[in-house]
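Please consult the sequence and the three-dimensional view while reading.

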Amino acid sequence: MKIVCLLGSPRPKGNSTAMAARFCETAEGLGAEVATFALNKLKYRGCQACMTCKTKLEKCVLKDDLAEVLDAIRDAEVLILATPIYFAEISSQLKAFIDRTFSYLVPDYPTNPSPCRLSPGKKLVFIEAQGHPDESLFADVFPRYDSIFKWYGFSDSYQIRACGVFNKGDVESREDMMKLAEETAKKIMG
Ligand SMILES: Cc1cc2nc3c(=O)[nH]c(=O)nc-3n(C[C@H](O)[C@H](O)[C@H](O)COP(=O)(O)O)c2cc1C
């Protein structure tokens, strides 16, 4: 099984990255092929709204570090998006990537029942780390992005969300969260 894992945190040993790492190690142990991209280390821009992907090409025209990431997802069965919560949202690194997935949409996407160029049936794993312990805060983030990926044709989605983790490494002592990452990987690997 091919998995693409995008790390949206700028902290190499941050909480969302630690949960993603536990997921990926578990999946690799069960035979998955994982390609991980630390978005903060890549050089790329957000969508330029040039519409070349709707008029001349079937992919994004920008030749920056995201080109390889966008291509890798076409072949993957599972996409992991790992992000800190920054000001009630996903990180800007991850948001700029999401904007570039506009290139996956066909020209008539507003009316086409199959709006996405990606093959259907991929799975989404959405990993979040937030400092605030109140789970009712920022609970809107996952459903919003989940509905976008469902529209893209993703079939199943899994949320792994740690609240009340602030400092680097806080989540390592939250065995419930690390276990959830492991169990989710086992479930997806079947
Ligand atoms: C710029 C910035 C904005 C943040 N905004 C929020 C926020 O709105 N709500 C919250 O609960 N935590 C917020 N935090 C705390 C992070 O969500 C928390 O440190 C989290 O563990 C970071 O995940 P990471 O370790 O994967 O980077 C913020 C932290 C930073 C640096």
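## A buried glycine

Gly8 is buried, because 29 other C-beta atoms lie within 10 Å; a residue is called buried if 20 or more other C-beta atoms lie within 10 Å of its own, exposed if 12 or fewer, and partly exposed in between, with C-beta atoms placed from the backbone. The position of Gly8 is in the loop between strand E1 (2-7) and helix H1. Helices (H or I, at least four residues) and strands (E, at least two) are DSSP runs, numbered from the N terminus.

Leaving aside neighbours within four places in sequence, Gly8 is in contact with residues including Ser16, Leu39, Leu81, Pro84 and Leu94. Two residues are in contact if their C-beta atoms, placed from the backbone, lie within 7 Å. Gly8 and Phe37 are 29 residues apart in sequence, and their C-alpha atoms are 8.9 Å apart in space.

## Basis of the model

The model is predicted: local features need pLDDT of at least 70, side-chain atom pairs count only at pLDDT 80 or more, and totals for chains, interfaces and linings use all residues. Residue numbers start from 1 along each chain as its sequence is written.

## The chain as a whole

The protein chain has six helices and five strands. From the N terminus on, its elements follow the order β-α-β-α-α-β-α-β-α-β-α. Of its 190 residues, 33% count as buried.

The C-alpha atoms of the protein chain fill a box of roughly 50 × 35 × 30 Å along the principal axes. Among contacts between residues at least 6 apart in sequence, 74% join residues at least 24 apart.

## The nonpolar core

The largest nonpolar core has 42 residues, of which Leu6, Met19 and Ile80 touch the most other members. H1 gives the most to this core, with six residues. Such a core is a set of buried Ala, Val, Leu, Ile, Met, Phe, Trp, Tyr and Cys residues joined through C-beta atoms within 7 Å. Not counting residues up to four places away in sequence, Ile80 touches Ile3, Cys5, Leu6, Ala20, Phe23, Val125 and Ile127.

## Around the ligand

Of the 18 residues around the ligand, Gly14, Ser16, Pro84, Gly131 and His132 come nearest. The elements that give two or more residues to this shell are helix H1 (15-29) and strand E4 (123-130). H1 gives the most, with three residues. A residue is near a molecule if its C-beta atom, placed from the backbone, lies within 6 Å of it.
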